Amino acid sequence: MSEILMEILEKVDQEECTNELQIIREFNNVIHLKVYQQHVYNFCGYHATYNILQLLNHFHQKKCYLYHSVSFWKYVKFVQNYLKLYRTKHNINHEPWSNHDIEHGDFERCYLKPWKELYHDVIVIQYQFGRIVNGLKEKEQIIHSIQQFINYDQVAPLIQVYMLGITFHWVSFVAVKTKSKTKFYFMDSKNIDYCEWKEQIKYKNTQMTSIIKELRLLDMYLQGILDLQELIKLMDQALRGELNFAEYLCDSSTLMYVRPLYELFGMSEQQFLDANPAEINQDIIIVWAQEYKNTIFSVLKEVSILFDRSRKLLTQVNKITSHIHSIIGQQEVHDPFQQCHDVIQGLVESFKYEWSYHPKEKQINLYFEDASKCEHISYITYVMKAYFREFVTKQHHYHIRIQFYENIFHPQGGGQPDDVGSIIIGDKEFIIKNMYNDRQHQESYVDIEFSQEAYDLLLDCRTKKTPILQKVNPEVRLIHSQLHSAGHLLKEELIKLGKGLKYIKGMHFQKESYILLEGEFEIPIEQIPREFQFQDLQLSICYYTHNKVFEILGYVPEFVEFSEMVRWIKLRDQDIGFPCYGTHTVKGLDKIQITNILKNNNQFTIFYNL
Ligand SMILES: [Zn+2]
């Protein structure tokens, strides 16, 4: 730090704003700007955000300090202080929010939320090993922003700001568009001119890449440069509408699995597509499957078959693995080859169905509005053979995973367990084995035991939108709802006995129910009543904005982050209430007994039953 301090001291009296931008290189529409050089190794996030603000100042004819140390370090101090205030305001007490984390750690991704509130909207793109790795919802937002930029057609400039996260490094990218002009600005606190892609450099990199591959060593620095070059090129093409971004995302997921495969065969993509499946080396596929078995399902289930390249490549992989499968026969379900083959085959099989060419309908969860509804007829919008590992026995087997358009099944979440239930198609009843909660999209799936017959039947139901009866076991649902609702009531009563007591989580299983509170009680534990009585219960469900939730609680719980409107539950008029996506009832809750209280530091686990 002392070197920087010296530099700052020298400059304190001579800081001047920047009138002209210094350009390192200009290529196509991208202007690579010189910026204040980074000295502290993990401060790239501060540099990237600082550079964005200075460039915006420049655009708005305000004072711009792109090359100035004092201004930069003042900014760092200011942002760090703001983060501390934000932490206190939102009652955040986990990593990376301690004073030490904020002052000495990296500029973490979660700091961007407060940063955006303070300064300017930014779109984050994370890119690693040749692929965009943002979550599904973020990818949708990126596609939306890019489309908005392409369609923009007004005289006043549109300015879009991107933070690009590339293997351990943040850089910034600003896109400006008017009716007649499009310009991109790229800023990197390392100021190295590695952003051009002349043939010579490309050649060097290709050579290096193959050496790395042969040695199976990973040079992170070089990978970072390759990723950066690729991403800047991609941004340029996508924002100018020369490349379909949705198609790019789809193909890059496919290529993540298929490219290593044809490279292992020593083939080009075209040679691979033209290859005779019968002549493919079986051993290589086994090696490949070993490496990719764990992630192949989660990545490829996002692949849309609308796009030609992905469809052709996956069809060819399926031909190859199907050929091998016909020779070696059915393997154990946990065999890597079998796992990969099943995923690819499931995907490719769905290509023949019309429905797989349309986006899946958004699920409607009926239990949000009516928790007493235990039978309902709807059709399914998704069918997939899914590999399943039992939590307790650790055994592997297959399920058929389906999603209903209108759903009454409650999947485990918020401490409330899965419903017990079945589905009925014609005269056949299928018991539900597991439920899968996709919290990010507030959708859920149900699993039944795999059999080829059931699988074919469900694919047929999916095609014909056959009405299927869903049945929830009403007794179990009622007990789950009661235990869960009791948790709400107990929380309301106990929080009154403390100062700043906060609800952390609950577990509402028949074999054990408890809620976990954090803070301090104002009375000794022994004096906490062991029985509570309730009357005049009345369930109310409403939907609040994040701001409203913050107003009431003083913080926004992490689990509601994905939903725009937060479902707010109250069981009595006088209660504060809490965000929740469970099922509730007011039946049979006249009396709740506390059976045990365990204290661990400032956390209290309070066990109860009805
Ligand atoms: Zn609830």
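Modeller: Axes are lines fitted to C-alpha atoms, for helices over the stretch in contact, and angles run from 0 to 180 degrees between N-to-C directions. Helices (H or I, at least four residues) and strands (E, at least two) are DSSP runs, numbered from the N terminus. This is a predicted model, in which local features need pLDDT of at least 70, side-chain atom pairs count only at pLDDT 80 or more, and totals for chains, interfaces and linings use all residues. Residues are numbered from 1 along each chain as its sequence is written, and side-chain values use heavy atoms, with hydrogens and water left out.

Colleague: Why are H11 and H13 called roughly perpendicular to each other?

Modeller: The axes of helix H11 (residues 282–292) and helix H13 (residues 308–328) come within 11 Å and cross at roughly 110°. Angles of 65 to 115 degrees count as roughly perpendicular (under 35 roughly parallel, over 145 roughly antiparallel, the rest oblique). H11 and H13 are therefore roughly perpendicular.

Colleague: Which residues in H11 and H13 meet?

Modeller: Gln282, Ile285 and Trp288 of H11 meet Val317, Ile320, Thr321, Ile324 and Ile328 of H13, contact being heavy atoms within 4.5 Å.

Colleague: What makes strand S11 mostly covered?

Modeller: Buried means under 20% relative accessible area, exposed over 50%, partly exposed in between (1.4 Å probe, protein chains only). In S11 (residues 396–404), 8 of the 9 residues are buried.

Colleague: How do you know that S10 and S11 pair?

Modeller: Two strands pair if DSSP finds at least two bridges between them. Strand S10 (residues 380–389) and S11 run antiparallel and are joined by 9 bridges; Ala386 has His399 as its bridge partner in S11.
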